[in-house]
Amino acid sequence: MRMNSSEFLTDLQLADRWQMHRQTLISWRSAGTGPPFVRIGRRVLYPLAEVEQYEQANTITHNEQ
């Protein structure tokens, strides 16, 4: 399986995408929450498809309360 870097986000890229601190993502990983990630050695990568699915699942519409 060959990984295409455009299919993954680093935690810095995801933090920038969501306009949050990288430390928040680190905390979420420690707590077992947040989007799924892949750890390859010391490197943490977030599959873009999983990030988009997480965003969709956590989108709140005005009809929901």
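Let's start with a pairing: strand β2 (residues 38–40) and strand β3 run antiparallel, joined over three bridges. Two strands count as paired if DSSP finds at least two bridges between them. Strands here are DSSP runs of E with at least two residues, helices are runs of H or I with at least four residues, and both are numbered from the N terminus.

A word on the source. This is a predicted model, where local features need pLDDT of at least 70 and side-chain atom pairs count only at pLDDT 80 or more, while totals for chains, interfaces and linings use all residues. Residues are numbered from 1 along each chain as its sequence is written, and side-chain values use heavy atoms, with hydrogens and water left out.

Back to the strands. β2 and β3 make a hairpin, with two residues between them. Look at G41 in that turn: its phi is positive, about 65 degrees.

Which residue stands opposite L45 of β3? It is V38. L45 is also the bridge partner of T10. That brings in strand β1 (residues 8–10), which pairs with β3 in the antiparallel sense, again over three bridges.

Is β3 enclosed or open? Four of the five residues of β3 (residues 43–47) are buried, so this strand is largely enclosed by the rest of the structure. Buried means under 20% relative accessible area, exposed means over 50%, and partly exposed lies in between, with a 1.4 Å probe and protein chains only.

Now find R29. It sits in helix α2 (residues 22–31). R29 is buried, at a relative accessible area of 15%. What does R29 touch? Leaving out residues up to four places away in sequence, R29 touches D11, F37, R39, V44 and Y46. A contact means heavy atoms within 4.5 Å.

Next, the whole protein. There are three helices and three strands. Along the sequence, the order is β-α-α-β-β-α. The C-alpha atoms fill a box of roughly 40 × 25 × 20 Å, taken along the principal axes. Of the 65 residues, 20% are buried. Take the contacts with a separation of 6 or more: 48% of them join residues 24 or more positions apart.

Then the surface. The protein exposes about 5300 Å², and carbon and sulfur atoms supply 48% of that. These areas come from the Shrake-Rupley method with a 1.4 Å probe.
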